[in-house]
Amino acid sequence: MVAVAVAAAVGVLLLARAGGAAGDEAREAAAVRALVARLLGPGPAADFSVSVERALATKPGLDTYSLGGGGAARVRVRGSTGVAAAAGLHRYLRDFCGCHVAWSGSQLRLPRPLPAVPGELTEATPNRYRYYQNVCTQSYSFVWWDWARWEREIDWMALNGINLALAWSGQEAIWQRVYLALGLTQTEINEFFTGPAFLAWGRMGNLHTWDGPLPPSWHIKQLYLQHRVLDRMRSFGMTPVLPAFAGHVPEAVTRVFPQVNVTKMGSWGHFNCSYSCSFLLAPEDPMFPVIGSLFLRELVKEFGTDHIYGADTFNEMQPPSSAPSYLAAATTAVYEAMIAVDTEAVWLLQGWLFQHQPQFWGPAQIGAVLGAVPRGRLLVLDLFAESQPVYTRTASFQGQPFIWCMLHNFGGNHGLFGALEAVNGGPEAARLFPNSTMVGTGMAPEGISQNEVVYSLMAELGWRKDPVPDLAAWVTNFAAQRYGVSHPDAGAAWRLLLRSVYNCSGEACRGHNRSPLVRRPSLQMNTSVWYNRSSVFEAWRLLLTSAPSLAASPAFRYDLLDLTRQAVQELVSLYYEEARSAYLSKELTSLLRAGGVLAYELLPALDELLASDSRFLLGSWLEQARAAAVSEAEADFYEQNSRYQLTLWGPEGNILDYANKQLAGLVANYYTPRWRLFLEALADSVAQGIPFQQHQFDKNVFQLEQAFVLSKQRYPSQPRGDTVDLAKKIFLKYYPRWVAGSW
């Protein structure tokens, strides 16, 4: 009976918000038709008929699409929402036309005539929500985007069936209004906000001040952008998640209100209190509901609302007390500030806090948080469920609804990685869990635009009631759709990758690239991997073998570069191991040989390869930041923000290389000089018969790292060289050495 009551409460409170009014059908259909025209062009778009009909959903809140026609007739795409119709369109393009929609470039060659749909194909999602984003994605991937880039992303979201996503741009402009109304000065506000590249952690209370302030133009542009993002998301029938007050305040609040009860939190991420140790309002303080309702009222006045709000009070920060009474009060204060403004408010909570500090968050502590909000009004993201699910040890979040999320990527790193078996089976296992309160699936990466096979699978699972029965066949088909033609060697390459880099299993699986290539060198670096490197090298050979047939495909060229980059990453580890062994054995000649290849041949070859594709250029990355500015000084500031995030992640390398990326220019002018300095220090140590001093090296290499961040050097934003030729050149030089086992 308890399970039935919980399910009923969840159903009533969440499904009541399902879909928009019938009057929105025409708007959503128009949005999908415009998407078809953007995606395919106005001519091919005329071959598709799109409609949105709420009645198509046989169960409230479960998006449904129906496909028919084709052949001599127009293709009919019907959906219960705009998102459902867009997902149906994607299904037709993928499964009937062999097309592929991707971040790295879509393959959209339509066969003529358009294939007919046998009868009427109808599909309903098994869950209410398909969620997208992580608070960190806003900084690692979205921070410098303009409207054109956001428009492409929202199209991608709609085609992949996303109907719930964060929309957090522009909130600092709202906070500025609130702080000024409370009596803070503009100087105090400026000193509080971080720079743009670090706003995600300011929003979660981890940081303040670091690499700020925000220029006035930032607020204006972000407000404009947020309005456009919200308008487009709502036009598809998506539910945007807006931010709410989590309890963190600027220190200056204590000047304006000397009697306010605040707690100074501990430091975060190796930052000192100049940039962390945020101030948290006591839940019982009368200013808590005042500030919380002021912010939300101003936010809703500016942007409207869809009644779901995100707030994270204790993200990677230990609460001041483990007493359940305190944790319940802190949770209640956040929720009550929401419903004071919006009586329909639902709180979207990232469940990362329970996973990140399991020693603190015992059953009583978790229960205090989950029980402080009425059932169905707290929607929990089980953020890292593919590796470390929380629902299994909390009795399905004690009756609160949750979304099974795949986190996958940390820091926006490059590097082939996935746990496809766990992802494939995870949602079904969560649905079948006793008394499950799962209401959706989600993708919550810290950074995007990598490992697209993982996201394609996860998006498809949002519409499946059971796992993909044969992943090997699925990835073979994925490759054919991605390249526009089936090729046996390409298919074989992808099956090898499925069994190796994309088959990580267990709680240790984490999509964070810790390869020696992108880490500050030392003698203690870990080179172990969860797969057999032979599979990577054989997949590399097979993909190159298919190049004569597939080289015209931009997606193929991207994948060939990415796989070659991965092979070079493996080679760096192997040459590092040889250099380290030579140092420990005091064999100077062997050390110079291995180190010379690594730092003077392999890394320059990688940089040259990366320079052949605009998607792997440091110049393109930094140009995004500069383009967001309204003056040269502002452009320099944004560029420095971006450089800090990619490298030092703080003034002293506080979270060093967490957001590492393999970009042309970054490899040449950041990673390579570090490696050369390290190997020269090892060689000097052997030659002089003195121990290598890691501490001294760290001090010396920090000067190189900081010089890169502060440099004004400009980098090309246009590619040069041919990817296939450069990949083949690297292959011919190093693959025979791998086969022979000689370095």
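A polar contact is a pair of N or O atoms within 3.5 Å; within protein, one must be able to donate a hydrogen and the other to accept it, and residues adjacent in sequence count only if both atoms are side-chain atoms. The model is predicted: local features need pLDDT of at least 70, side-chain atom pairs count only at pLDDT 80 or more, and totals for chains, interfaces and linings use all residues. Residues are numbered from 1 along each chain as its sequence is written, and side-chain values use heavy atoms, without hydrogens and water.

The side chain of His90 reaches the backbone oxygen of Leu159 at 2.9 Å. His90 lies in helix α4 (residues 82-96); helices (H or I, at least four residues) and strands (E, at least two) are DSSP runs, numbered from the N terminus. His90 counts as buried because its relative accessibility is 9%. Buried means under 20% relative accessible area, exposed over 50%, partly exposed in between (1.4 Å probe, protein chains only). Beyond neighbours within four places in sequence, His90 is in contact (heavy atoms within 4.5 Å) with Val101, Leu159 and Asn160.

Helix α15 (residues 363-370) is largely enclosed by the rest of the structure, because six of its eight residues are buried. These are Gln365, Ile366, Gly367, Ala368, Val369 and Leu370. Their cover includes α13 (324-339), β12 (346-350), α14 (352-356), β13 (378-382) and α16 (395-398).

Across the protein there are 29 helices and 15 strands. Of the 743 residues, 62% count as buried. Residues 24 or more positions apart account for 77% of the contacts with a separation of 6 or more. The C-alpha trace spans about 75 × 75 × 55 Å along its principal axes.
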